[in-house]
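Hi there,

Here is the structure I promised to pass on to you. Please have a look at it, and then read my notes below.

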Amino acid sequence: MTVGLNAFILLAGLLFAIGMFGVILRKNTLVIYMSLELMLNGVILALVAFSRYNGTMDGNLFVFFIITVAAAEVALGLAIIVALFRLRQSVMVDQLTSLSR
Amino acid sequence: MTDILFYIFAAITLISALLMVVSPNAVNGAICMIICFVTTAALFVLLEAYFLAVIQVLVYAGAVMVLFLFIIMLLDVNKDTSDLLKDKMTLGASITGFTLLVILIGSAFAGGQHLPETALLPVIENPTGEGAGIPFTTSAKSFGYSLFTKYMLPFQVTGFLLLAAMIGVIVVSKKHSENS
């Protein structure tokens with residue numbers, strides 16, 4: 001494969017940028033959360049690419065730990081969103097403004 | 001050949017990620033997200049990280065996105081997501097931030113001071129050396145070896161973190177009774 005490291009890092013950076021775009025743009029908490037997962041996805045792509053081009057295994061192991069922690073984080077975050085919906089009947093961030101009043 | 005595969009998978013990843021962000025229906029967004037995760041796993045295969053590709057499909061595209069779809073359909077919040085383009089302030093702010101971030105990322109690859117281009121190192125099939133730097137291999141054996149030698153403490157801490165997350169989910173999602 002003659003594709004260099006820069007192409008992978010550029011792709012990872014663009015994935016991160018698209019994730020940040022979604023976090024700012026969307027109002028639905030679930031979609032914001034999916035965009036956060038997209039940002040994590042870009043980061044782990046960069047780590048795997050660095051690991052492959054550096055010739056060491058450590059980046060791959062970091063990705064292993066990141067995936068584990070992300071799975072735990074998703075389970076806990078979705079439980080919090082369900083609890084929020086049960087309390088307020090809404091998951092839109094523009095309707096969750098009780099602290100600003 | 002693999003170069004063409006890289007460009008195809010990169011294009012699918014970026015397009016499905018953008019579709020996830022801008023699709024007004026959250027269920028369609030979750031499906032686009034699954035496509036994005038699967039093509040990222042394909043990119044892992046191109047990077048010869050086969051074990052991580054399998055983990056990516058099983059954990060992200062399987063467990064995590066099924067959980068997302070389950071919660072989206074459980075909460076049924078699709079009825080009031082029609083005003084995506086109505087809020088001009090949010091739209092302008094997010095597009096400005098996205099453009100600035102893309103320019104920042106692109107400036108590392110274009111122009112006079114771009115990053116140095118590195119070549120692929122050869123993959124060692126059967127690792128024998130022990131020590132600080134574990135060489136890159138394609139076998140799942142080196143994962144187990146690294147997890148139980150160099151990364152023993154993070155491995156244990158991650159296991160404890162999973163236990164804490166499980167207990168936390170039970171506590172958060174438990175219904176509080178009125179009389180207690």
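What distance separates the centres of domain 1 of chain B and domain 2 of chain B, taken over C-alpha atoms? The answer is 23 Å. Domain 1 covers 1–77 and domain 2 covers 136–180 of chain B, with bounds that come from an automatic or database domain assignment.

Some housekeeping before the rest. This is a predicted model, in which local features need pLDDT of at least 70 and side-chain atom pairs count only at pLDDT 80 or more, while totals for chains, interfaces and linings use all residues. Residues are numbered from 1 along each chain as its sequence is written, and chains are lettered from A and ligands numbered from 1 in the order in which they are written.

Chain B

Chain B has six helices and zero strands, so its elements read α-α-α-α-α-α from the N terminus on. Helices (H or I, at least four residues) and strands (E, at least two) are DSSP runs, numbered from the N terminus. Of its 180 residues, 24% count as buried. Here a residue is buried if 20 or more other C-beta atoms lie within 10 Å of its own, exposed if 12 or fewer, and partly exposed in between, with C-beta atoms placed from the backbone. Two residues are in contact if their C-beta atoms, placed the same way, lie within 7 Å. Among contacts in chain B between residues at least 6 apart in sequence, 43% join residues at least 24 apart.

Where the chains meet

The contact between the chains takes 58 residues from chain A and 70 residues from chain B. On the chain A side, the elements giving two or more residues are helix 1 (5–25), helix 2 (29–54) and helix 3 (58–88). Helix 3 of chain A supplies the largest share, 21 residues. By class, this side has 43 nonpolar, 13 polar and two charged residues. For the classes, Ala, Val, Leu, Ile, Met, Phe, Trp, Tyr, Cys and Pro count as nonpolar, Asp, Glu, Lys and Arg as charged, and the others, Gly among them, as polar.

Two helix pairs across the chains are worth a look. Axes are lines fitted to C-alpha atoms, for helices over the stretch in contact, and angles run from 0 to 180 degrees between N-to-C directions. Angles under 35 degrees count as roughly parallel, over 145 as roughly antiparallel, 65 to 115 as roughly perpendicular and the rest as oblique.

- Helix 3 of chain A packs with helix 3 of chain B at an angle of about 5°, with the axes 11 Å apart. That makes the two roughly parallel. Residues making this contact include Phe64(A), Ile67(A) and Leu78(A) on one side and Val59(B), Leu67(B) and Ile71(B) on the other. The contact residues divide into 18 nonpolar, one polar and no charged.
- Helix 2 of chain A packs with helix 3 (residues 50–75) of chain B at about 175°, with axes 12 Å apart. These two are therefore roughly antiparallel. Leu30(A), Met34(A) and Val48(A) meet Leu52(B), Phe68(B), Ile71(B) and Ile72(B), and the contact residues are seven nonpolar, no polar and no charged.

The nonpolar core

A nonpolar core is a set of buried Ala, Val, Leu, Ile, Met, Phe, Trp, Tyr and Cys residues joined through C-beta atoms within 7 Å. The largest has 67 residues, and those with the most contacts inside it are Leu45(A), Val48(A) and Ala49(A). Helix 1, helix 2 and helix 3 of chain A, together with helix 1 (2–22), helix 2 (26–46) and helix 3 of chain B, each give two or more residues to this core. Its largest share, 14 residues, comes from helix 2 of chain A. Both domains of chain B give residues to this core, so it lies between them. Leaving out residues up to four places away in sequence, Ala49(A) touches Leu5(A), Phe8(A), Ile9(A), Ala12(A) and Leu47(B).

Backbone points to check

Most residues other than glycine have a negative phi. Gln89(A), in the segment after helix 3 of chain A, has a positive phi of about 60°, and counts as exposed with 10 C-beta neighbours inside 10 Å. Glu48(B) has a positive phi of about 65° and sits in the loop between helix 2 and helix 3 of chain B. With 18 C-beta neighbours inside 10 Å, Glu48(B) counts as partly exposed.

Best wishes
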